[in-house]
Amino acid sequence: MKNMKNTKKMTGAKIILESLKKENVSTVFGYPGGVVLGIFDELYDDKDLKLILTRHEQGAVHMADGYARVTGEPGVALVTSGPGATNTVTGIANAYMDSIPMVVLTGQVPTALIGNDAFQEADIVGITRPCTKYNYLVKDVKDLAYTIKEAFHIARTGRPGPVLIDLPKDITTASCDFVWPDKVDIRSYRPTMQGNKVVMKQAAVAAAAAKKPVIIAGGGVVASGAYKELLEFAKLLNAPVTTTMMALGAFPASNPLSLGMPGMHGTYYANMAIQNSDMLIGVGVRFEDRVTGKTSTFAPHAKIIQIDIDPTSIRKNVRVDIPVVGDIKNVLRDMNTILKDEIKPKWDEVSKSWLKQIDDWKSQHPLSYSLKNDVIKPQFVVEKLYEITKGNAIITTEVGQNQMWAAQFYRYEQPRHWVSSGGLGTMGFGFPAAIGAQLAKPDALVIDIAGDGSIQMNIQEIATAVINKLPVKVAILNNQYLGMVRQWQELFYGERYSHTFLDSHMIPDFVKVAEAYGAVGLRATKPSEVEPVIREAIKVKQPVFMDFICDWKEKVYPMVPAGGSLDEMLLPEPEAKEEKKKKLKAVK
Amino acid sequence: MRHTISVLVENKFGVLSRISGLFSGRGFNIESISVGETLDPQISQMTIITSGDDQIIEQITKQLNKLVDVIKVVDLLEVDHVEREMVLIKVSPRQEQKAEVLRVAEIFRGRIIDSSPKTYTIEVTGDEKKIEALIGILRPMGIKEFIRTGKIAISREGIK
């Protein structure tokens, strides 16, 4: 299947760049080093490929990840061997856990030196075997073009994921004809795209017959681009939809059927709906422990339908009555057709009373927090960000309390506007991911909602943002603590705050850090300063650190303690009388 | 419950490591694994003996299938098949038991493939029970060491 027309002799380095262009890559995130000098030398004159020079290889991979999450196309990173390669591991594991398409190119010592403990040698193929979808060590320059084509194919098809290609130096300097394959065909890799018709019918009949259905949508809906199909599916069944953290925006938060996020810090009504449901329909969700709580008491009255492209996700964590393997978009489209043409679901009083019950839960315990006049509540900052940006910003997050508040108090109406490290829970992800997202969407407003701990894990990338004129905004919810860990210490470790105090009110001075790098630094210490700071940050066309000095005692609620049942939620504590309780109106 | 899982894989470098890494990384158990080339030299056959409840075995077969280099996975518990394993046993019996060792080897259709003034090395092929039985009988007579290949298995063809 090789196209022999217009072949041209090229070095391996040149073949790599030409192959990337054939895959429509325009941006590569990278960092140079000894064994990749040949590739970087080729990049020097290349007009079509832009290399974004980061300040750390981890930053490069997270940027590629952020780029991929907002575009749906594989992000690409290029680093050197040894430490360059090992520095990518966290970023690759992060993308793997969240099924993000990515191709990581690592330099390697010359083939003759592999295994000799050469300078800057690391067995990166061995190291990343468990955290890549697939990986390669290229041993012949003639295999290079095909390998790259295959890598992109594997990264973007089926359940997407990161693929790593290790490139020994001598492969990049050797030459051969550049032959770009027309297509790839891997006999051992054929993802199931279409659902089984008999099973889909069975699932549709069962779903339509349910009296208390709940749809739980996961990241697979985003990966598959099945937003319209999901919306139609929910309407046909008149079923409420809860979106896991990975799926925020895949179903509009303002839709009356939306339940928000389920799980450990999910909404009261989402968790209650799951626990009382008689039919749970999992769509592209793997039922991770943060979503299910204790699995033995998870959705005790429900039959479970699970739709996923990855058969291993089915029955991995929870029992499943009807499994459907296939691409979400195809399966939902086919099930919608079955529902419309054959079943024509009707809703009786029982199913109407189910939605009424859910509305009652929504009004009993909406997401809430207590507003104060003297100290900034972190939730207030997130709410203000939502109001001022009208929900149109691309929000990235770090990990911990900042992430949960960003998930709860910003409302996501559109897919690919929420970029957050779900499975691996990587602190330091949000800021470089925001830079990658900004590169992909130059006209979008990109805001990283960060904690004072997380932001310091990849803070060096502010140089990348400033130099490349990428006006990302970072809202630091500064509570001077590793807030989520502190919350667990308060609740479960007798308020023994072992090594979670960061003193980051003073160290560092985030405003000065921003200024030192040529960015803009702003600070708010009172609630009244929050809005002006946000407006100013949006107005300046530069990267901005907004340092919001927040109430350090604030906790994320609701909370299902680890290992507890979903309906055993801790709800916000009642505050002192004079404080006005602010309740957010849940959408009815 | 023990299962014999037959896996057809691309005969490429690193594949064994991907398979064994899958088992270790997910906490699955490998009792034995044997690998060899097939009629098509580009394909290798692995026979893996593992154990676990239904849910674990389902995960094992699905996870194996998910690996890019895996072409086909068959849980042989679900199909009629024959299994064989080979053992090499080095026995050092007392003088008066030497004849008995030879007799036992014969009963088990074994072959003596090496002998020294003090030892015999016996080669025996069979299913697991036969090999366990042989080891059980020879043990009191003085087994110096033994080595087992791990099981290989192949499906039976129908009679028709």
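Biologist: Is B:R2 buried or exposed, or something in between?
Modeller: B:R2 is partly exposed, at a relative accessible area of 36%. Here buried is under 20% relative accessible area, exposed is over 50%, and partly exposed is in between, with a 1.4 Å probe and protein chains only. This is a predicted model, where local features need pLDDT of at least 70 and side-chain atom pairs count only at pLDDT 80 or more, while totals for chains, interfaces and linings use all residues. Residues are numbered from 1 along each chain as its sequence is written, chains are lettered from A and ligands numbered from 1 in the order in which they are written, and side-chain values use heavy atoms, with hydrogens and water left out.

Biologist: Which residue forms a salt bridge with B:R2?
Modeller: B:E31, with 2.7 Å between the closest N and O atoms. A salt bridge needs a side-chain nitrogen of Lys or Arg within 4 Å of a carboxyl oxygen of Asp or Glu.

Biologist: Which residues do salt bridges with shared partners join into one network?
Modeller: A:K14, A:E18, A:K21, A:D46 and A:D48.

Biologist: How many salt bridges over all chains?
Modeller: The search of the whole structure gives 48.

Biologist: What does A:D509 pair with?
Modeller: A:D509 forms a salt bridge with A:R523, and their closest N and O atoms are 2.7 Å apart. A:D509 sits in the loop between α20 and α21 of chain A and A:R523 in strand β19 (residues 520–524), so parts 14 residues apart in sequence are tied together. A:D509 is partly exposed at 23%, and A:R523 is partly exposed at 31%.

Biologist: And A:E531, which residue does it bridge to?
Modeller: A:R535, at 3.1 Å between the closest N and O atoms. These residues are 4 apart in helix α22 (residues 527–539) of chain A, which means a separation of about one helical turn. A:E531 is partly exposed at 28%, as is A:R535 at 46%.

Biologist: Different topic. What is the pattern of chain B along the sequence?
Modeller: β-α-β-β-α-β-β-α-β-β-α-β-β, with 4 helices and 9 strands. The C-alpha trace of chain B spans about 55 × 45 × 35 Å along its principal axes. Of the 160 residues in chain B, 41% are buried.

Biologist: How much space lies in the second largest pocket?
Modeller: About 1100 Å³. On a 1 Å grid over the protein atoms alone, a pocket is an open set of points where a 1.4 Å probe fits, with protein on both sides within 12 Å along at least five of seven lines; lining residues have an atom within 4 Å of a point. Points are joined across faces, edges and corners, and the volume is the space filled by probe spheres set on them.

Biologist: What lines the second largest pocket?
Modeller: The lining has 39 residues, and those nearest the centre are A:Y96, A:D310, B:Q63, B:K66 and B:L67. Elements giving two or more residues are α5 (89–97) of chain A and, in chain B, α1 (15–25), α2 (54–66) and β4 (70–75). The largest share, 5 residues, is from α1(B). By type the lining has 14 nonpolar, 12 polar and 13 charged residues. Nonpolar here is Ala, Val, Leu, Ile, Met, Phe, Trp, Tyr, Cys and Pro; charged is Asp, Glu, Lys and Arg; the others, Gly among them, are polar.

Biologist: Where are the cis peptide bonds to A:P508 and A:P558?
Modeller: A:I507 to A:P508 is cis, with omega about -5 degrees, and A:P508 is in the loop between α20 (483–492) and α21 (510–516) of chain A. The cis bond from A:Y557 to A:P558 has omega near -5 degrees, and A:P558 is in the loop between β20 and β21 of chain A.

Biologist: What about phi at A:N238?
Modeller: A:N238 has a positive phi of about 55 degrees and is not a glycine. A:N238 lies in the loop between α11 (227–237) and β10 (241–243) of chain A and is buried, at 18%.
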